[in-house]
Amino acid sequence: MSRLFGVPDGMSRRHFVSHLAGAAALATPATAFTNTLLANAADMKKRHKSAILLWMGGGPSTMDIWDLKPGAPTGGEFKQISTSADGVAISEHMPLMAKQMHHMAIVRSMSTREADHMRGRYYMHTGYVPNPNVEYPGYGSVIAHELADQVADLEIPPFVSVGGGSVGAGFLGMTWAPFVVDSNGNVRNLDGGIDRARLEQRLAMLSAIEDKFITEKRGGASLEHKKVLEKTTKLMSSSQMDAFKVSKEPKEMLEKYGENGFGRGCLLARRLVERGVPFVEVDLGGWDNHADIFTTLRDQKLPVLDQAMSALVSDLSDRGMLDDTVIMWMGEFSRTPNINGGGGRDHWARSWSTVVGGGGFKRGIVVGETSADGKEVVTEPYTSQDLMASVLKSLGISLETTFTAKNGRPMKIANSGKVIKELFA
Amino acid sequence: MCRSNCMRRFAAVSLRVTVILVAGAATLPARAADEHFGIEPVRFINEQITAGWSDAGLQPAAAATDGEWCRRVYLDLVGRIPSVAELDRYVHDSTPTKRAELVERLLGEEYEDEFARNWTDVWTTVLIGRDTQNEQVSRPGMRQWLRRALAKNIPYDQFMEELVTATGVNTNRKGLPGFNGAANFLSGKMVEMGVENGVQATAKTAQIFLGVQVQCTQCHNHPFNKGKQNQFWELNAFFRQTRSLNREEGSGAVQFVELVDQDFEGEGKNPEEAELYYELRNGLMKVAYPVFIDGTEISKTGYLPGKMEDGTPYGANRRQELAKLIKTSPNFPKAIVNRIWGHFLGYGFTKPVDDLGDHNPPSHPELLDGLAERFREQSFDLKELMRWIVLSKPYSLSSKMSAKNASDDPSVGEKPKFSHFYLRQMQAEQLYESLLTATEADKAAGEEGARKKDTWMSQFVIAFGTDEGDEATTFNGSIPQVLMMFNGELIKQATSTGKGGFLDKVAGQSIPNAAKVETLYKAALARKPSKNETAAANALLVARKGDVAGALQDIWWAVLNSNEFIINH
């Protein structure tokens, strides 16, 4: 490209600028090619698998949402209601989800040991407890790493995190790190505030410097840098970035998901998955309810969750995407069965619930059981690793997959967790 | 310029040489000055490395240019690229010993603050990682201690001892007595899964100060090396008198941590022989007492030192005993030599740098051993070790490979031969400080700039921060990093044409445009533009229709975003 700048004397400015434009076109994908692929979008949809993690930061009280204990002293204020799944009852404050439970499975026998926010968050995302010697990759990075190849023309990063930073890529490397956006789909620093023509002129200059350094044969890092530059410039002009423009959705759709950050985030997740992104995490915080839990859940948290989550499930189902899209719902832990003096519940990891659905999961079921007061898992207990193994299986990812950490040690995917067999028919 | 100053500095160098000559008892050939500046360990490095090239049939790369060498030595020693003035001073200096003189200055008083800042960044990441969420660690406390220790260049054995035996309050806050920032090394490594067992303290101490990876042997005998499970727990026993106490003020939240030593009664409740138990894979429990990695046992007592009524002393401080054993261990100087070598040359003699042992033989065993010996003889002086390495031949080579040395490629698993300089990405802090040096962005933003420095820095660390285990020799860039360098707040400020800023000053000089472009190149890349680049720059001047400041802005943006800027080469 630097060849361009041996501009002969007398070359007209117009001629010159047209060269620049040509150079810029080389840096962006052939539009025609992209369009063909878009035309085949419906076909593509069937071929790619994705997962959406609804992350409930703070540790939601699953006894008040998915595993109620009416009448028990620990049971709290909420009643349970029956759902579209036979014999499955959930909280009365989740009426919309109650109509979607035939698509979902509740695992009521989660039993973990990390009841500190930071550690629990790490453990539930990675299947490993924090270790200062190895940084493990989280769900998003692992799944993006395994599924990125299935959509060949994907220009959007394969792991998008909406409204929160998630957990990083660890030893898998920065390519698989979360691409963080806010719930309106805004990408930080995407716009430099200069016009396209000038940006292209700058990029031509940049190319001259990059190429000089690369041709001097100084090693791989210089080439890798240019590759990331190209990915970024592609992204900046990519038509795929439309997937982030969640406000383009029809009014009814925006209302269906809920006019709030989490609703927008879930809708954005659907748009991204539709475009081929293998993993999207959407964060909803505010579950650390040490005081006054029932009012907070009833008036604030559950209505938002219920609306957005049910909209997502039914929307994916309506679009025929649910068989290829796994939905996961979880926090870092749950909350104490005992209600404290302030009308709240504290941290509890020993017995709690997560919810999964879509993909290859068996649906409309409950797995496992807790004691009458909710304090013990009375069936086989499951861990973060087991849940992760199950999610990977439901996406068709081999549990024999082994990564090599930076220290050269082999790391089995999902920390050798065992598949929760009840989740599969 | 400054002839007399230079002479004086040169005299200082010569003086040092004499001292080393006596200490090292080596006779150096008379023509030595060019090759190793009369410093025996430099000669030793050069001999060893050169022998490795002949054995492997490699021819080293050409010497780096003055600009390249100056840039890398600033980056590696003080954590930023040189300013145009600093670069010019070095490049235009024609003294044959100018490299030694620059190193002398960078290690001396003039750069003491910057040296300490840079190495505080490096050591903070090594000692406590980049995790900012561990409530039992105070990063400011850690940094405060490091900055003082590094500015004073305290001997490395003392450095290790203060960290390994630290007690005290980890936060420096008004009204809190007993502050000791060194306590932060261990304060966050004592408790795991709610159990105060010092497992992480054991693993990190062994890894950092002894270069051995024992963490796997916590649960089982090591599959590849001689590590046995009992060794882990015997080393762990040294940390069983240590408690990391959460001190609270008001409601619930941890306010600060105090690291203390307490009598350890032992899991069998016999403080005279205070043992711990660990579980074998087959479920059997075994007992462990403090035994160092070389098999040296210390007293089994769990009591801290004291005196009986009749004056008989009893007890032992296990961490203090551990520090003594580490000091005399041959692994101790080897581990730090390997780490520091890796810092300057991109790869250590082993990969990773903190995994020494028969299972992972070093690329240059004699060199590693010899440098370790010399480092011990030199009273564990870190600056001295750094001086040897940056004045050595391998550090002086170009990063441009040739057919005669391209096969020397550690990134594909080959053992490094150091026949050319290996590229590596700048660390977040280096990149940030370099941007400020090159662009004076903080000054251009005036008072607001000073205030914003912290925000910019944290944005950078979030976007560019890699954890200590990461290889800097591969570019691990991500799209958000590039977007930040393309369009971020700091870059906007750095490329602003606002009055009084760097670009404004360059644009306003009454020199030809070509010279202005050259200034930008020197400021960021420590070189002049090539023909092609000059043409590209001219194209931008044309495109901006004579708006010189605007064109310089475009060029500056491109230069700052280039691989050549972001990579230490």
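Q: In which loop is B:Ser379 found?
A: Some words on reading the model come before the case itself. This is a predicted model, in which local features need pLDDT of at least 70 and side-chain atom pairs count only at pLDDT 80 or more, while totals for chains, interfaces and linings use all residues. Residues are numbered from 1 along each chain as its sequence is written, and chains are lettered from A and ligands numbered from 1 in the order in which they are written. Helices (H or I, at least four residues) and strands (E, at least two) are DSSP runs, numbered from the N terminus. With that in hand, B:Ser379 is found in the loop of chain B between H15 and helix H16 (382-390), and B:Ser379 has a positive phi of about 60° although it is not a glycine.

Q: Is B:Ser379 buried or exposed?
A: A residue is buried if 20 or more other C-beta atoms lie within 10 Å of its own, exposed if 12 or fewer, and partly exposed in between, with C-beta atoms placed from the backbone. B:Ser379 has 11 C-beta neighbours inside 10 Å, so it counts as exposed. B:Phe418, in the loop between H16 and strand E10 (424-425) of chain B, also has a positive phi, near 55°, but B:Phe418 is buried, with 30 other C-beta atoms within 10 Å.

Q: Which residues does a cis peptide bond join?
A: The angle to read here is omega, which is about -5° for the cis peptide bond that joins B:Lys351 and B:Pro352. B:Pro352 lies in the loop that runs between helix H14 (331-345) and helix H15 (365-377) of chain B.

Q: How many residues does helix H17 of chain B have, and how is its reach judged?
A: The expected span of a helix is 1.5 Å times one less than its number of residues. Helix H17 (residues 428-439) of chain B has 12 residues and reaches 16 Å from its first C-alpha to its last, close to the 16 Å expected. As 12 of the 12 residues of H17(B) are buried, this helix is largely enclosed by the rest of the structure. Just after H17(B), B:Glu440 takes a positive phi of about 55°.

Q: How many residues of chain A are in contact with chain B?
A: Two residues are in contact if their C-beta atoms, placed from the backbone, lie within 7 Å. By that rule, 49 residues of chain A are in contact with 58 residues of chain B. On the side of chain A that touches chain B, the elements giving two or more residues are helix H7 (196-215) and helix H8 (220-237) of chain A, and H8(A) gives the most, with 11 residues.

Q: Into which domains is chain A divided?
A: Domain bounds come from an automatic or database domain assignment. Chain A is divided into domain 1 (52-185 + 245-423) and domain 2 (192-242), whose C-alpha centres lie 37 Å apart. Across this boundary, 4 residues of domain 1 of chain A are in contact with 5 residues of domain 2 of chain A.

Q: Which residues touch the most other members of the largest nonpolar core?
A: A nonpolar core is a set of buried Ala, Val, Leu, Ile, Met, Phe, Trp, Tyr and Cys residues joined through C-beta atoms within 7 Å. Of the 259 residues in the largest such core, A:Leu54, B:Ile555 and B:Val559 touch the most other members. The largest share of this core, 10 residues, comes from H11(A).
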